[in-house]
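These are my notebook entries on a structure that I went through feature by feature. I recorded the charged pairs, the aromatic contact, the surface patches and some backbone details.

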Amino acid sequence: MGDDKTNQTLVDTRRVLVPVANPATAPDLIRLACKLATPQKGDVWALYVVLGSGEDDSEPLEELQEIVEKEHASGSPVELLTRSATSVARGILDSAREQGATLLLMGFEAQSKGKVELGPVVDAVARTTPCDLLVFRTPPHVRHVLEDIDRIILPLDGREHSQIAARFGVFLAGSMGVQASAVHVQTTPNMPSWYGLGRIEASLQDVPDARQVQRQVVQAGDIAAGILSRSDPDDLIVLAFSERSSLDRWIYGTVTQRVLAQASGPVLVVKRAMRDDLPALERAGRLLLARFSPTLTPYERSEVERVALETSHVSINFVVLMLLSSVLASFGLLQNSSAVIIGAMLVAPLMSPLMSFSVGLIRGQPALLRRSALTTGIGVLIALLVAILVGVSMPVNFSTAEMLARGQPSLIDMGVALASGAAGAYALARKDIPSALAGVAIAAALVPPLCTGGLALAFGDSMLASGAGLLFLTNIVSISLAGAVVFMWLGVRPGEQLRMRFGWGLSLGLLLLLTVPLGSAFLNAVRMERQTDAARSILEAELPDADVLEVKLTTGDPLLVTATVLSSDWVSSVAVYAAQNALTDEFDEDVKLTVTNWRAITPQQAEPSDPGIRP
C-alpha cells in the first residue's frame with residue numbers, strides 16, 4: 001500500500017466505528033470496516049444503540065454478537081459495543097467521540113430504483129460527524145455483496161471532493177485486493193481526451209499506488225449517466241460529498257443522489273470531517289475540538305428551540321412552584337437551615353425561563369426574549385413578595401448566618417452563576433441528563449438571594465437587601481450569558497445578526513459593569529482574610545501563654561481587631577497593649593485591639609500533708 005506514514009495521513013482508519021441495527025446487513029458493513037482497518041492494524045467497533053428499556057433488543061443483539069464472534073474468530077479486529085441513548089443519531093455521535101473514532105461507517109439499503117432516502121439517522125450524523133464518514137449503500141434486496149466486488153470505480157474530475165474519493169478508493173482497493181478504475185466524464189462534445197486524463201492525474205496526485213489505477217475518459221450527456229455506463233453490478237462506486245460551496249453542493253450533490261438511486265451495484269459515499277489543506281497544528285486542534293464538542297443534531301437543535309418557546313410562557317405550574325419554593329427558602333433562611341434551603345432549590349422553576357432567554361439571546365429573537373424576561377420577572381416578584389410577607393409576619397427581625405452569607409457577593413459568586421448557567425443549558429440540550437440537576441444549581445444561585453433581599457427589606461436592613469440584590473442581578477446575568485455560550489458551543493446557530501449583537505452587547509456590558517463592585521468586594525475579602533491571618537500570627541507571638549481561638553477584623557478608623565483567647569493565667573493589659581502596637585506597625589494604620597480572655601481551670605491533686613485534706 002505504499003508508504004504507511006503518508007497513507008495514514010491521507011486515510012486514517014485506525015479506529016472504525018460501525019453502527020449496526022439489522023443483522024441481515026451487518027456482516028457486509030463489519031467486513032468492509034475490517035478491510036479498511038486491517039492495513040493500519042486498527043480497531044473496529046460494531047455499535048448497537050439501545051433505545052428505551054431495551055426489552056426488544058435482546059434477539060438482534062444475540063445475532064449481532066454471533067456475527068461479531070465469527071468475524072473475530074477469522075482474525076478481524078472487531079468488538080461489539082452497546083450504548084443506551086435518547087436517539088440513534090445521538091448514540092452514534094457520542095460513541096464516536098468517546099471511542100476516539102477516526103472513521104464512521106454507516107449503511108443503508110436503496111428502497112427502489114430511482115429513489116434514494118438516506119434517512120434521518122444518516123442525515124443527522126452526516127451533518128455533525130466528528131470524524132470522517134463513509135456511507136455504504138447496498139442494492140435493493142441483495143445481501144452479502146462485498147465478496148462479489150471485483151472492481152472499484154472512482155469518478156474523478158480534479159476537484160477536492162474527487163481527490164478525497166481517490167484516496168479512499170485506492171486505499172480500499174488495496175485492502176480488498178481488487179482493481180481500481182478512475183473515470184472522468186466529459187459532457188462537452190469534441191473535448192480532447194488528454195483534458196480528462198489531466199483531471200484524473202490531478203485527483204490522483206499524492207495518492208499512494210496511483211500507478212496501479214486504470215484510467216478512462218468517457219463522453220456522455222451528463223456526469224451521472226457516464227458513471228453508470230461504466231459500472232456493473234459487481235463494481236463498487238466510490239464518491240465523495242463536497243461542501244466547499246453552494247455551487248459544488250448543487251452540482252455534485254445531484255450527481256451523488258442519482259448514482260445512489262440508479263446504480264445497480266453498491267455505492268460508497270465519503271465525507272471528510274475537515275479539509276486536507278489545513279496546517280498540521282490547526283488540523284490537530286480541530287480534531288481535538290470535534291472530539292470534545294458534542295454538537296447537536298438538527299433535530300436536537302429544533303427541539304431546544306421548541307422547548308424554549310414552550311417554557312417561556314407563564315403557567316399555573318410555574319406560579320405554584322415559585323410560591324412554594326419562595327416559602328421554603330424564606331423559612332430555611334430564618335431557621336438558618338441548609339437542608340430546607342436545598343429543598344427550596346429542588347422546587348424552584350426558574351431554570352426554564354432563563355434558558356429560554358439564553359436561546360432567544362443566541363437566536364436573536366426579540367419575542368422570545370420578551371416572554372422569557374416577563375416570566376422571569378413574575379417569578380422574581382413572587383419570591384420578593386413572599387419573603388417580605390414571611391419577614392413581616394414572623395416575630396423575628398435578625399439576620400441569620402445563611403442570610404448574611406448572601407449579602408456580600410464577590411467574583412466567586414459570579415463564577416458559581418456562570419457554572420450554573422452552563423450546566424442548565426447543557427442539561428436542556430442533552431436529553432440523557434436530568435434537567436432537575438441543573439435546575440437545582442440555577443435555583444441555588446437565584447432563589448436564596450431573592451428571599452434574602454425580601455427578608456432584609458422586611459427587617460429594614462437596607463445594606464443586606466442591597467447586597468442580596470447585587471448578588472441576584474449578577475447571577476441572573478451570568479446564568480443567561482453562560483447558557484447562550486453553551487448553546488452556541490453545542491451548535492445552536494445565531495439568528496438575525498443585528499438583534500443578536502445588540503443582545504450580546506447589552507449582556508456583556510451589564511456583566512462587565514457588575515464586575516466592578518464584585519471585584520472590589522472580592523479584593524476586600526481577600527485583603528481582610530490576609531489581615532486576619534497576619535493578626536492571628538502577631539497575637540500568637542505577643543501572647544505566647546494564650547491560645548488564640550478567634551480573630552475578627554472590622555474596617556474603620558481605627559481598624560477594630562477583636563480576639564478571643566484561652567489561657568491558664570489572666571493576660572495582662574501590658575501584653576495586650578504591646579500586641580496592639582505590633583498590629584499597628586504591621587498594618588501601618590491605627591488599630592484598636594479588644595481581647596476577650598477565657599481562663600482555663602484544671603483540677604489539681606493536693607498533697608497528703610495539706611491541712612485541707614481529711615484523712
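**Entry 1: salt bridges**

I searched the whole structure and found 16 salt bridges. I counted a salt bridge where a side-chain nitrogen of Lys or Arg is within 4 Å of a carboxyl oxygen of Asp or Glu. The model is a predicted one, in which I required pLDDT of at least 70 for local features and pLDDT 80 or more for side-chain atom pairs, while totals for chains, interfaces and linings use all residues. Residues are numbered from 1 along each chain as its sequence is written, and side-chain values use heavy atoms, with hydrogens and water left out.

As background, I noted that side chains of opposite charge can pair when their charged atoms come close.

I looked up E303 and found a salt bridge to R306, with 2.6 Å between the closest N and O atoms. Both residues lie in helix α11 (residues 298–311), and because they are three residues apart there, about one helical turn separates them. I took helices (H or I, at least four residues) and strands (E, at least two) as DSSP runs, numbered from the N terminus.

R306, at 40% relative accessibility, counts as partly exposed.

R306 also forms a salt bridge with E310, where the closest N and O atoms are 2.8 Å apart. R306 and E310 are four residues apart in helix α11, about one turn of the helix. E310 is exposed, with a relative accessible area of 53%.

R159 is partly exposed at a relative accessible area of 28%, whereas D157 counts as buried at 19% relative accessibility.

**Entry 2: the aromatic pair**

How many aromatic pairs does the structure hold? I found one. Y426 and W489 form this pair, which is stacked, with 6.2 Å centre to centre and 25° between the planes. The rings considered are those of Phe, Tyr and Trp (its six-membered ring), paired if their centres lie within 6.5 Å; planes under 30 degrees apart count as stacked, over 60 as edge-to-face and the rest as tilted.

Y426 belongs to helix α17 (residues 411–429) and W489 to helix α19 (residues 462–489), so the pair ties together parts that are 63 residues apart in sequence. I noted Y426 as partly exposed, with a relative accessible area of 25%. W489 is also partly exposed, at 37% relative accessibility.

**Entry 3: surface patches**

I next recorded a patch of negative charge on the surface, where D557, D585, E586, D588, E589 and D590 gather. Patches consist of residues with over 30% relative accessible area and no salt bridge, with like charges joined within 9 Å and nonpolar side chains (Val, Leu, Ile, Met, Phe, Trp, Tyr) within 5 Å. D585 is in helix α21 (residues 573–587) and counts as exposed at 64% relative accessibility.

D588, another member of the patch, lies in the loop between α21 and β13 (591–599). D588 is exposed at 68% relative accessibility. Although D588 is not a glycine, I noted a positive phi of about 55° for it.

I found a nonpolar surface patch formed by I316, V320, L321 and L324, which together have about 350 Å² of accessible area. L321 is placed in helix α12 (residues 316–335) and is partly exposed at 34% relative accessibility.

**Entry 4: backbone details**

D209 is not a glycine, yet I noted a positive phi of about 60°. D209 lies in the loop between α7 (193–203) and β8 (214–219), and is partly exposed with a relative accessible area of 26%.

Finally, I looked up A546, which is in strand β11 (residues 546–554). A546 counts as buried at 9% relative accessibility. The C-alpha atoms of A546 and S568 are separated by 7.7 Å, with the two residues 22 residues apart along the chain.

How values were computed: Areas by Shrake-Rupley, 256 points an atom, 1.4 Å probe, with all protein chains shown as cover. Lys, Arg positive; Asp, Glu negative; His and termini not counted. Charge placed at Lys NZ, Arg CZ, Asp CG, Glu CD. Buried < 20%, exposed > 50% of the residue type's maximum accessible area, 1.4 Å probe, protein only.
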